[in-house]
Amino acid sequence: MTQEDQQTTIIEPLHLLGKVEEFRKKGCRLVQMHCTKVGDTFEINYSFDINYEFSNIRIITDGKTEIPSISGIYWGAFIYENEMHDLFGIRFAGMNIDFSGNLIRTAKKNPFADPSFRGEKPCPDA
Amino acid sequence: MPRRIVVPFGPQHPVLPEPIHLDLVLKDEHVEEALPSIGYIHRGLETLVTKREYPEYVYIAERTCGICSFIHGMTYCQAVEKLVDCTVPERALFLRTIWSEYSRLHSHLLWLGLFADALGFENLFMASWRLRESVLDVLEETTGGRVIQGSCKVGGVRKDISGETLERMRKGLDIIERDAGEIADVFLRDDSIVSRTRGIGVLSREDAYALGAVGPTARASGVGIDLRKTGYAAYDKLSFSPVVETAGDCHARCAVRVKELFTSIDLIRQAIAKIPDGPIEEKPKKNPEGDYFARSEQPRGELVHYVKGDGSRHLVRSRIRTPTLTNLPSLVRMLKGCNLADVPVIVLSIDPCIGCAER
């Protein structure tokens, strides 16, 4: 079995658009974007691929600061940005298609922003 | 003077097995813009990773989708195995490959049946699903489950397949190949199917790549991305070429899936011929720590399972990026400029799996 070597580079949100533009110029495709809540911060990952070479960049944010949208560089990024907005409450500035919180309709607003239960503690929903 | 109106499409529609809603902005009969919205079956499966220990989450990962369930479980296991320093035995890798390809066969046959039904071909629908039954029978016999197999685990697989059964499967592939050849001929050459699908919902090669299309949706537009070429499971021991078409229309997307039936049959034959003897699992040496993106080729395209662990038995995060989610921007582009009457066929042509996309 071949396992991919992967590297994640952490960058400042200020440098995000420039870095993403570099990937586009190299001919990379956008594989995915996603968010992970770690403590009080949010990690946002941007993954790219060219000829099966996988690269990942990461920004770390407090969840309140607006993040520049990359949908002007990768048009299809709107689906991931709207998803992160609806599930984590992350705000993106300049999305090409903004569903205003209506892409994924959930009973609880931003359900992934505050995971209520982990591991051995009792489940509050039970 | 043309009138602009908005027509709601879905969430319930005869061609949609699962709910997705599209707002179609029409100018007379032409679609000017299509805006998708989902959220009807969001289950929050990713957050369950924090409530279950990492070996148990395989069952949840499998239930992300009722069609490509095995590949979801396997890809999650691949991600975790990287974090727990686990070397999966060769035989288990071959078994995973065999079950993955049977999953692809049953998924493509399911889609072909639905596509035939949407075009009004009842007999072709029944022929496709009858053939799918023989594939499901093999999955049931070898794993115990027709739809949810439950045969993959972190470190290997739960069940072995005996030499006798492998031989019977190899012989059965001849019958599947013969029957697939009969229905393939109709899908690829029938005048009615060609006239309903050729030149409809065209996605250019440039758009497919730029919009992040994956799987048959990308390969039908000339983008030859097939993650099996990265050599996960036992694919690095098998030889095949991705099926690529160039027209980018609904017929090309159908043709890719039809031809991939034969690629899968060939891969299973190779795997049966080369499968080594040996153990089928290895115990993990530690709890998962760090993060990793595992990628695989589902029937609908590239699947990504991201996991992040902190050394405990509960993962911090599981992220599942399914092919349908990343094919939605391509669908929006395909629908622009099409006729209202062609919308159902175009939507179906990306093989949307909304259960996967919403998780």
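1. A crossing of two helices is called left-handed if the near helix is turned anticlockwise from the far one by less than a right angle. In this predicted model, helix α5 of chain B passes helix α9 of chain B in such a left-handed crossing.

2. Helix α5(B) covers residues 163-189 and helix α9(B) covers residues 250-274; their axes come within 10 Å and cross at roughly 165°. Angles over 145 degrees count as roughly antiparallel, so α5(B) is roughly antiparallel to α9(B).

3. Which residues of α5(B) and α9(B) meet? On the α5(B) side they include Leu166(B), Met169(B), Leu173(B), Ile176(B), Ala180(B) and Phe187(B). Among their partners in α9(B) are Cys254(B), Val258(B), Leu261(B), Phe262(B), Ile265(B) and Ile272(B). By class, this contact of α5(B) with α9(B) holds 16 nonpolar residues, no polar ones and 3 charged ones.

4. Helix α5(B) also has α4(B), residues 122-143, beside it: the axes of these two helices come within 10 Å and cross at roughly 165°. That angle makes α4(B) roughly antiparallel to α5(B). The crossing of α4(B) and α5(B) is left-handed.

5. From α4(B), the residues making this contact include Leu124(B), Ser128(B), Leu131(B), Val135(B) and Thr142(B). From α5(B), they include Thr165(B), Gly172(B), Asp179(B), Ile183(B) and Val186(B). The contact of α4(B) with α5(B) divides into 10 nonpolar, 5 polar and 1 charged.

6. Some residues of α5(B) take part in both contacts. Met169(B), Ile176(B) and Ala180(B) are among the α5(B) residues that meet α9(B), and Met169(B), Ile176(B) and Ala180(B) are also among those in contact with α4(B).

Terms used. Residues numbered from 1 in each chain as written. Chains lettered and ligands numbered in written order. Predicted model: local features only at pLDDT ≥ 70, side-chain atom pairs only at ≥ 80, totals over all residues. Axes fitted to C-alpha atoms, helices over the stretch in contact; angles between N-to-C directions. Helix = DSSP H or I, 4+ residues; strand = E, 2+ residues; numbered from the N terminus. Parallel < 35°, antiparallel > 145°, perpendicular 65-115°, else oblique. Contact = placed C-beta atoms within 7 Å. Nonpolar A, V, L, I, M, F, W, Y, C, P; charged D, E, K, R; others polar.
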